[in-house]
Amino acid sequence: MAKYGEGDKRWIVEERPDGANVHNWHWAETDCLPWSKTFFTKSLSDLTILDCQGNLSIKTKKVEKVDGEAYVNVRKGKIIPGYEISLSLSWEGEAKDGEGKTLLKAEGNLEIPYISDENADEDLEVKVTIKDEGPIGKALEEAMLAKGKPLVLEKVSDFVKAMAKGGPVKDELEAKKSATKNTTTTSSSNSNSAAMSKEKVGVEKEAKTEVKKEGKKGFKTITISEKFNCRAKDMYEILMDENRWKGFTQSNARISKEVGGQFSIFDGSVTGINLELQEGKLIAQRWRFGSWSDEIDSTVRLVFNEPEPGVTVIKLTHSDVPEEDRYGNATVVENTERGWRDLIFNKIRAVFGFGI
């Protein structure tokens, strides 16, 4: 993920004297790290974990640090969050005997070393430590891990949802949407007609681009055409061989070569079933990502053409891709398209020398 402020300058909006981002065409990027620090400080400081349960009392003290980067990109009113942060907070615990006498007071630390927009659907690593290594200290540490970890992860989930809605720019975006709606309602019929004509032209132009994103409401279809310097059967074998997948993705993969067989790639992040297989000609599969809602599946069709010996053209059609994941992140289509290009097609070119 690119660092905040280091994106391609062609897509980052420079500050204008009037503060305008004409047509919201370019990226408008907001640094969200200060907001993230404030969010976690408010939600995780002085949080009661246990209140004299089993003679144990535990509460968080304060957030010690939130390091890394966090930002929100907005283009044409669409929110695209990005973050890679680490979180550390201090906590304190007290153990008493049956008569209410204090046996031990100790302090500890809880750390989440990596929170990112790319692992929001995964089990985050949480480290809990305490400054007392005795048996009572160990009991406090285990209680913090058992009871405190779920509460902290709940607050992290709240952060993920808040970032998906725009983080610090949420109110500004909602105000703009409201203003736009009011303006549209009061505009003249001539203006509406002109806007519709411009929109039609825009759609026609977009339809000529290489990647098309059209589909039923709430879902998109991604279409990509890629050319490779190899035979069609070579590309087919690479995409259906789990050992080669492991090689060019540097991740675990299990792939059945039978129709109706299952596959799992990118360490289990993507799973599915083979629907139709024609060696050197077609791969049709049902795909789903772990971050998608449980009831959602998409369909992938890879059609192989060999217009001349040693040159293969693959046409990808990835349909029913949801616009949002289960956490409300509206980056699914962009991330899926980028994954096909950067993590699959371009990696195959680089590793197997099939580039053109």
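My entries follow, grouped by topic.

**Ground rules.** I am working on a predicted model, where local features need pLDDT of at least 70, side-chain atom pairs count only at pLDDT 80 or more, and totals for chains, interfaces and linings use all residues. Residues are numbered from 1 along each chain as its sequence is written, and side-chain values use heavy atoms, with hydrogens and water left out.

**Salt bridges.** I searched the whole structure and got 15 salt bridges (a side-chain nitrogen of Lys or Arg within 4 Å of a carboxyl oxygen of Asp or Glu). I began with Glu 226 and Arg 341, whose closest N and O atoms are 2.8 Å apart. Is Glu 226 buried or exposed? I find Glu 226 buried, at 8% relative accessible area (buried is under 20%, exposed over 50%, partly exposed in between, with a 1.4 Å probe and protein chains only). Glu 226 and Arg 341 also belong to a salt-bridge network with Glu 337 and Arg 349.

Next I checked Glu 276 and Arg 301, which meet in a salt bridge at 3.9 Å, N to O. Glu 276 is in strand β11 (residues 270-278) and Arg 301 in strand β13 (residues 298-308), 25 residues apart. I have Glu 276 as partly exposed at 32%, and Arg 301 as partly exposed at 36%.

Arg 326 is partly exposed, with 36% relative accessibility, whereas Asp 294 is exposed at 60%.

**Cysteines.** How many disulfides does the structure hold? I get zero, looking for cysteine sulfur atoms within 2.5 Å. Cys 32 is buried at 0% relative accessible area, while Cys 52 is exposed at 52%.

**Rings.** I count 17 aromatic pairs (rings of Phe, Tyr and Trp, the last by its six-membered ring, with centres within 6.5 Å; planes under 30 degrees apart are stacked, over 60 edge-to-face, the rest tilted). Trp 35 and Phe 39 have ring centres 5.4 Å apart and planes at 40°, so I log the pair as tilted. They are four residues apart in helix α1 (residues 33-44), about one helical turn. Trp 35 is partly exposed, at 24%.

I also find a cluster linked by ring pairs: Phe 228, Phe 263, Trp 287, Phe 289, Trp 292, Trp 340 and Phe 345. Arg 349 has its charged end over the ring of Phe 228, 4.4 Å from the centre (the rule is NZ of Lys or CZ of Arg within 6 Å of the ring centre and within 35 degrees of the ring normal).

**Helix α7.** Its 21 residues reach 28 Å from first C-alpha to last, close to the 30 Å expected at 1.5 Å a residue (expected span is 1.5 Å times one less than the number of residues). I note a kink of about 30° in α7, centred on Asn 346 (the bend is the angle between axes fitted to the seven residues ending there and the seven starting there). Buried residues in α7 include Glu 337, Trp 340, Phe 345 and Arg 349. After α7 comes Gly 353, with a positive phi near 70°.

Conventions: Helices (H or I, at least four residues) and strands (E, at least two) are DSSP runs, numbered from the N terminus.
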